[in-house]
There are 2 protein chains.
Amino acid sequence: MRDCEYERMTQTRTDEAPSSGRWTQNPTGLLRVEKGFRLDAVDTRATPGYQGDKRAANHGLAACARELGDLQERLYAAHHEADSGPSVLLVLQAMDTAGKGGIVRHVVGAVDPQGIELAAFKKPTAEELAHDFLWRIRRRVPGPGMIGVFDRSHYEDVLIGKVRELANPEEIEQRFQAINDFEAELAEAGVRIVKVMLHISPDEQRDRLLKRLNRPDKHWKYNPGDVDERRLWPDYMEAYQTVFDRTSTEAAPWFVVPADRKWYSRLAVQRLLQEALEDIGPQWPEADFDVEAEKRRLLAT
Amino acid sequence: MRDCEYERMTQTRTDEAPSSGRWTQNPTGLLRVEKGFRLDAVDTRATPGYQGDKRAANHGLAACARELGDLQERLYAAHHEADSGPSVLLVLQAMDTAGKGGIVRHVVGAVDPQGIELAAFKKPTAEELAHDFLWRIRRRVPGPGMIGVFDRSHYEDVLIGKVRELANPEEIEQRFQAINDFEAELAEAGVRIVKVMLHISPDEQRDRLLKRLNRPDKHWKYNPGDVDERRLWPDYMEAYQTVFDRTSTEAAPWFVVPADRKWYSRLAVQRLLQEALEDIGPQWPEADFDVEAEKRRLLAT
């Protein structure tokens with residue numbers, strides 16, 4: 001806790017040790033997609049708001065994991081058996097190799113798995129296609145007290161859906177409205193939505209794909225289709241820009257996180273999650289039984 | 001990897017550092033329920049097969065987490081998108097406070113959440129009760145390449161089901177047969193089943209419940225019903241004995257893990273999981289594409 005506070009709070013220190021890092025500005029404000037945002041103006045190698053190197057960031061990630069875990073446990077304790085109540089939904093979108101898996105493993109994986117609901121959305125099945133595009137999404141919305149993580153999401157239906165022309169423009173247009181209505185409804189019900197695009201450069205992706213091809217233990221992560229998608233990079237960027245223009249709302253804002261440096265993107269997403277939890281401010285629930293009477297009852301056994 | 005090997009293999013060393021620990025015997029054989037097993041002969045404070053203290057065990061747990069993670073990743077890589085193939089199913093049963101949650105958090109939580117399917121079975125819902133008792137269980141059997149974890153399971157239906165007389169003796173009897181058939185069918189389909197009972201003493205449970213009552217941040221984990229269940233301890237132990245007599249099979253053996261010392265039970269369950277994975281022996285899959293051709297294709301983009 002203290003270490004994490006240190007990482008977060010020491011904004012006035014001037015005598016840092018070589019590997020110490022710190023947030024000089026709150027990344028939430030820096031990364032949030034506001035009116036006028038331009039994806040093509042984002043430097044994918046930048047580390048907005050953070051002063052420190054990889055080593056410092058990894059130290060910070062470990063130091064803050066405990067605080068995140070504490071907040072998660074309080075959220076779970078206070079709400080998980082209720083019929084309604086707050087939850088957190090982290091939506092992860094990105095081009096291939098941008099690091100979604102690493103976020104799940106290193107950021108989400110550091111908290112108790114009992115409080116996590118992870119949903120990976122792949123190419124829709126025949127059953128899923130027979131329903132509205134939000135049908136399979138609604139089924140995986142996290143329940144009260146939980147942190148839900150979407151590894152890809154309903155945004156695929158307006159990204160690959162648009163780039164690959166899987167739906168016509170009118171349909172895509174209707175989906176944006178449906179998404180905003182859906183997310184507003186979730187927010188109203190207490191779901192704190194954090195939408196993250198991990199943003200890498202095409203060069204960085206090439207290096208990462210090449211690394212996969214060069215390591216037999218990484219071949220399983222490579223798919224020849226990745227190169228085909230890669231060729232459509234400008235189309236995808238344009239589709240993302242439209243997504244940001246149309247769906248970064250007060251109820252469910254987008255955050256574009258530079259991700260060429262994995263250590264930065266992990267630290268930044270951890271911080272976004274932590275702030276979402278702090279906003280909810282979960283408290284240990286009061287006992288709904290007489291503590292002293294229970295002690296007596298217990299000691300009589 | 002090397003550290004874990006050290007923990008596991010140094011059976012001939014005589015000059016251990018004070019906090020080093022080691023398995024002197026394979027716990028799999030020591031903890032497995034064989035014909036003639038008597039639950040009431042188990043010492044809940046013992047640490048079968050392990051020579052070392054809490055500090056050593058925690059070191060060993062961390063050291064072996066990486067090896068377990070590597071095995072899990074290979075299992076996932078090799079099988080997760082197939083229609084059939086091996087998986088692991090860890091079934092956790094125990095009296096309250098015995099440490100199921102700690103196993104999930106500290107043993108299972110150390111591997112990539114993307115390869116884990118966690119199912120916590122609570123009191124059945126009306127919908128679940130309208131079906132056969134195995135209905136809700138079948139829906140949560142891990143798919144190929146996954147590690148499934150059942151926090152409680154179908155065994156509740158022959159434990160609390162028997163102790164609280166929720167079903168008549170003939171029905172309970174039929175359930176044993178149904179369970180053995182079901183588990184044999186899973187094993188046949190490639191599910192490596194590891195059934196664990198975490199075994200604590202009534203005194204240890206009292207201490208742990210008291211600790212929950214003494215800490216406001218633990219009150220949420222306490223339920224007055226826990227004391228009612230506790231009063232039925234001998235009945236539960238008898239029901240567990242019957243479970244072991246009837247359902248510890250070659251295809252799906254039971255392991256009774258002494259759990260008064262949490263550090264031992266975590267280390268032992270980690271080892272059981274690791275052996276299950278080693279038995280499957282998953283290998284990185286061969287590339288189903290031409291690696292060199294893909295490199296050229298990639299570099300042309």
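A:Glu73, A:Asp112, B:Arg105 and B:Lys218 are linked in a network of salt bridges. The model is a predicted one. Over all chains, the count of salt bridges comes to 52.

Take one pair in chain A. The side chains of A:Lys100 and A:Asp151 meet in a salt bridge, with 2.8 Å from N to O. This pair links distant parts of the chain. A:Lys100 sits in helix α4, residues 100-106 of chain A, while A:Asp151 belongs to strand β5, residues 147-151 of chain A. The two are 51 residues apart. Are they buried or exposed? A:Lys100 has a relative accessible area of 11%. That is under 20%, so A:Lys100 counts as buried. A:Asp151 is buried too, at 12% relative accessibility.

Now look at a pair within one helix. A:Lys295 and A:Glu292 form a salt bridge of 3.4 Å, N to O. Both residues lie in helix α13 of chain A, which covers residues 291-299. They are three residues apart, so about one helical turn separates them. Their surroundings can be read from accessibility. A:Lys295 is buried, with a relative accessible area of 18%. A:Glu292 is partly exposed, at 44% relative accessibility.

B:Arg152 forms a salt bridge with B:Glu156, and their closest N and O atoms are 3.1 Å apart. B:Arg152 is partly exposed, with a relative accessible area of 22%. B:Glu156 is buried, at 14%.

Next, the sheets. In chain A, five strands form an open sheet. Their order is β4-β5-β3-β6-β7, and the pairing is parallel. Which strands stand at the edges? They are β4 (116-120) and β7 (254-258) of chain A. Each has a single partner strand, so one side of each is left without a neighbour in the sheet. From one strand to the next, the twist averages 20°.

Strand β3 (residues 87-94) of chain A pairs with strand β6 (residues 191-199) of chain A over eight bridges, in the parallel sense. Here A:Leu89 stands opposite A:Ile193 in β6(A). A helix lies across these two strands: α8 of chain A, residues 169-188. Helix α8 runs at about 130° to β6(A).

Chain B has a sheet as well. Five strands of chain B form an open sheet in the order β4-β5-β3-β6-β7, with parallel pairing. At its edges stand β4 (116-120) and β7 (254-258) of chain B, each with a single partner strand, so one side of each lacks a neighbour in the sheet. The twist averages 20° from one strand to the next. In this chain, follow β3 towards β5. Five bridges join strand β3 (residues 87-94) of chain B to strand β5 (residues 147-151) of chain B, and the two run parallel. B:Val91 has B:Phe150 in β5(B) as its bridge partner. Helix α8 (residues 169-188) of chain B lies across β3 and β6 of chain B, at about 130° to β6(B).

Key. Residues are numbered from 1 along each chain as its sequence is written. Chains are lettered from A and ligands numbered from 1 in the order in which they are written. This is a predicted model: local features need pLDDT of at least 70, side-chain atom pairs count only at pLDDT 80 or more; totals for chains, interfaces and linings use all residues. Side-chain values use heavy atoms; hydrogens and water are left out. Two strands pair if DSSP finds at least two bridges between them. Helices (H or I, at least four residues) and strands (E, at least two) are DSSP runs, numbered from the N terminus. Axes are lines fitted to C-alpha atoms, for helices over the stretch in contact, and angles run from 0 to 180 degrees between N-to-C directions. Contact means heavy atoms within 4.5 Å. A salt bridge is a side-chain nitrogen of Lys or Arg within 4 Å of a carboxyl oxygen of Asp or Glu. Buried means under 20% relative accessible area, exposed over 50%, partly exposed in between (1.4 Å probe, protein chains only).
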